[in-house]
Each structure stands twice: as C-alpha cells, then as structure tokens.
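Please walk through this chain with the structure open beside the text.

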Amino acid sequence: MEEVLHSCGHRELVDLETAGRNRDQCRGYLERSGRCHACTEIQFGAFNRAAARKADADGLPRLEGTENQIAPATTVREKFRLQFEVAAATVLEAGSPERGVQLVREYFESQIRRIGDAGTYMDWRHRPWVVLVHNCLVDASEEQHLAHGGALIRAYIALSAATVGSSLQLLEDGRLVLAAVGEAGRGGDVPVSQ
Ligand SMILES: [Zn+2]
C-alpha cells in the first residue's frame, strides 16, 4: 500500500502492487485524475441527485427497488436517455430520415416507461441504451418490420453506429451531459441483419 495524493487534493492509501509493471502509470493517473473514495461518493451523489431531478421534471415514473439501487439506477436510466438523444442528433444531422428515428424513439421511450425495476438498470449499467430496444426489435414480426419499409431497422443500425461509449458529466448549473469517450460505434452490437 502506498499513499497517493489524488487530484482532489486528498491523500489515500492505494494498493499499487496489483498494477505490477504499470504501477507508475497507475500512480500518475491517480495524481492527475483520480479521486479519493469520499470525493467519488460525493460526486456520484451529486450525479444521482441531478438524474433524479431530471427524471422528475420529465415526468418519468420512480423506479422500484432497494434504497441503494434506486438512486444509481435512475442515473443509469438518464444516461441511456442522453445517449439516445446524442445518437439521434448525430444521425439526423447526417441525413437519416426522421421517420425511422421517430419509430426507434417510440420503442425506446415505451421501454423506458415499461421497465421500472432498478435492478435491471443496474445490471445494464455498463451497456449502451440499445440494450433496451434490442429485444423488441428482434422479437417484432417480419410484417411489423416490413410495415415500416425497413425505415425502423435502417434507423436502428444508424443509431447503434452513432452511439459512443460515454460517461456522465455534471455541469455547474446542475445539468447532466454526456462526455464522450472512445470511438463511435463502440456503443453496441447490431443484432439484426438488413
Ligand atoms: Zn478527495
């Protein structure tokens, strides 16, 4: 265990042995960007409060689950909604037809309202928003897909490809936004063929 001065200004003992040959890199990362445990929890608390405010303002149902799950799960749900909005803006700007995006949005929003179990969102916290609609789209009958002339599937594929791996960022005015990390297309698999 070594004492490391984290970027938040607090010292904390960290086990750098597990980092092996990367211990200097690991220490460097913590000094530049790491936060001590207490600061991390406060930060998450602020995220959870911001997410709960936004969900209430948008009229979303409260999630059900244990006390410990509801707040972080609400944050995961808000992250999915932000990811969808960013992907939608990206594909519309790139010229995807609005109708297809609207069809996927309807699936997505109905799932957001249908899934009220906090544990489900916690299980999916490392996944992108597409995890919510993946099964609906696979389960929908061929006639349902044909009824939309392929618009739904084409939009879904474009939206999946435009989804970036992302983490949340809390702005000073209390709004949650996405801070994109990684490449577009990392967000999820495309489960259906054209
Ligand atoms: Zn700290």
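The model is a predicted one, in which local features need pLDDT of at least 70 and side-chain atom pairs count only at pLDDT 80 or more, while totals for chains, interfaces and linings use all residues.

Strand β1 (residues 2-5) and strand β2 (residues 11-14) run antiparallel and are joined by 4 bridges, where pairing requires that DSSP finds at least two bridges between two strands. The hairpin that they form has 5 residues between the strands, and Gly9 in this hairpin takes a positive phi near 100 degrees.

Seen as a whole, the chain holds 8 helices and 4 strands, these being DSSP runs numbered from the N terminus, with helices (H or I) of at least four residues and strands (E) of at least two. Their order along the sequence is β-β-α-α-α-α-α-α-α-α-β-β, and the C-alpha trace spans about 60 × 35 × 30 Å along its principal axes. The domain assignment, whose bounds come from an automatic or database source, gives domain 1 (1-35) and domain 2 (46-184), and the C-alpha centres of domain 1 and domain 2 lie 34 Å apart. Among contacts between residues at least 6 apart in sequence, 66% join residues at least 24 apart, a contact being a pair of residues whose C-beta atoms, placed from the backbone, lie within 7 Å.

Of the 194 residues in the chain, 23% are buried; a residue is called buried if 20 or more other C-beta atoms lie within 10 Å of its own, exposed if 12 or fewer do, and partly exposed in between, with C-beta atoms placed from the backbone. Why does Thr74 count as buried? Thr74, whose place is in helix α3 (residues 67-93), is buried because 26 other C-beta atoms lie within 10 Å. Leaving aside neighbours within four places in sequence, Thr74 is in contact with Asn48, Ala51, Ala52, Ala55 and Leu63. The C-alpha atoms of Thr74 and Ala55, which are 19 residues apart along the chain, are separated by 7.6 Å.

Helix α3 also meets helix α4. Two packed helices are described by the angle between their axes and the distance between the axes. The axes of α3 and α4 come within 11 Å and cross at roughly 175 degrees, where axes are lines fitted to C-alpha atoms, for helices over the stretch in contact, and angles run from 0 to 180 degrees between N-to-C directions. The two helices, α3 and α4, are therefore roughly antiparallel to each other, a label given to angles over 145 degrees, whereas those under 35 count as roughly parallel, 65 to 115 as roughly perpendicular and the rest as oblique. From α3 the contact is made by Arg77, Arg81, Phe84, Ala88, Val91 and Leu92, and from α4 by Glu98, Val101, Arg105, Phe108 and Ile112.

The largest nonpolar core has 25 residues, of which Val91, Val104, Phe108, Ala155 and Leu159 touch the most other members; such a core is a set of buried Ala, Val, Leu, Ile, Met, Phe, Trp, Tyr and Cys residues joined through C-beta atoms within 7 Å. Two or more residues of this core come from each of α3, α4, α5 (118-123), α6 and α8, and the largest share, 7 residues, comes from α3. In helix α8 (residues 151-161), the residues Leu152, Ile153, Ala155, Tyr156, Ala158, Leu159 and Ser160 are buried, and the buried residues of α8 pack against α3, α4 (98-114), α6 (130-139) and α7 (142-147).

Two arginines complete the tour. Arg113 lies in helix α4 and counts as exposed because it has 11 C-beta neighbours inside 10 Å. Arg125, placed in the loop between α5 and α6, counts as partly exposed because it has 13 C-beta neighbours inside 10 Å.

Definitions and conventions. Residues numbered from 1 in each chain as written. Contact = placed C-beta atoms within 7 Å.
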